[in-house]
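Welcome! Take a moment to look at the sequence and the fold, and then let us walk through some of the details together.

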Amino acid sequence: EAGYEICEAFLDNRKKLKSIPTDARAVPHGVLNLSDYWMVRPDIGAKQNLAGADPVATSACQKRSRWANLPEAEIAAKIAGILARLEAEHVQLKMDGVRNIWIVKPGHGSRGRGIKVFDDLQAIIMYATSRKKSAIVQKYIENCFTLDKKKFDIRFWVLVTNWNPLTLWCYEPYFRLCTEDHSLDQKSLANQFQHLCNRCVQEHHEEYE
């Protein structure tokens with residue numbers, strides 16, 4: 001129910017923003033805040049309340065359900081409707097998955113250094129703000145292609161020297177493969193051998209060849 005209400009508010013806000021001329025829009029602060037997050041993660045909200053967080057904000061976690069007496073068919077129709085709206089607004093919805101996993105990358109870095117995978121908003125904020133330099137937060141592709149159950153990527157360089165006639169120069173690509181099977185389990189998120197294909201990371205695995 002909390003997830004439905006937050007998704008509905010998000011979609012309604014996007015609709016309002018689209019109706020405002022681009023040059024008249026202020027920089028949006030977003031429609032989600034920590035109170036919204038605690039509504040869909042009551043386990044986190046309860047911990048924050050014990051830690052001395054704002055009781056007004058965390059009371060959202062204990063909000064009484066308005067769906068308690070609704071027929072299951074009506075609840076199912078509501079959920080189906082909001083999912084259809086989300087899919088219409090976000091073409092990569094199915095690729096994003098349902099685990100709400102995000103990848104955080106240092107703004108200045110290479111070779112997989114400092115890259116972390118999280119499924120907790122507050123952990124993301126703590127890690128990103130604790131760094132001296134900037135960090136980039138991107139949605140993790142949960143439903144990714146795998147090879148023999150392992151995550152992989154392809155490095156392929158293309159140089160376009162002319163559009164008409166179209167002229168392309170391609171350099172020989174190469175594949176990078178993780179050494180361990182891909183998994184989205186909570187405990188696996190810290191396992192770089194499952195999520196980062198970088199050779200500089202994978203070469204430290206005992207089975208790397």
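Lys 139 is partly exposed, with a relative accessible area of 23%; partly exposed covers the range between buried (under 20% relative accessible area) and exposed (over 50%), using a 1.4 Å probe and protein chains only. This is a predicted model, in which local features need pLDDT of at least 70, side-chain atom pairs count only at pLDDT 80 or more, and totals for chains, interfaces and linings use all residues. Residues are numbered from 1 along each chain as its sequence is written, and side-chain values use heavy atoms, with hydrogens and water left out.

What does the side chain of Lys 139 meet in a salt bridge? The partner is Glu 142, at 2.9 Å from N to O. A salt bridge here is a side-chain nitrogen of Lys or Arg within 4 Å of a carboxyl oxygen of Asp or Glu. Glu 142 counts as buried, at 5% relative accessibility. The structure holds 5 salt bridges, including these:

| Pair | N to O distance |
|---|---|
| Lys 139 and Glu 142 | 2.9 Å |
| Arg 199 and Glu 203 | 3.0 Å |
| Arg 99 and Asp 119 | 3.1 Å |

Helices (H or I, at least four residues) and strands (E, at least two) are DSSP runs, numbered from the N terminus. Arg 99 is partly exposed at 27%, whereas Asp 119 is buried at 12%. In the pair of Arg 199 and Glu 203, Arg 199 is partly exposed at 47%, and Glu 203 is partly exposed at 35%.

Now for the nonpolar side chains. The largest nonpolar core has 9 residues, among them Ile 101, Tyr 140, Leu 196 and Val 201. Such a core is a set of buried Ala, Val, Leu, Ile, Met, Phe, Trp, Tyr and Cys residues joined through side-chain atoms within 4.5 Å. A second, separate core of 5 residues includes Tyr 4, Trp 67, Ile 82 and Leu 86.

Finally, find the open sheet, where 3 strands run in the order S4-S5-S8 with antiparallel pairing. Strands S4 (146-147) and S8 (174-177) are its edges, each pairing on one side only. Two strands pair if DSSP finds at least two bridges between them; S4 and S5 (residues 150-155) have 2 bridges. Leu 147 stands opposite Lys 150 in S5.
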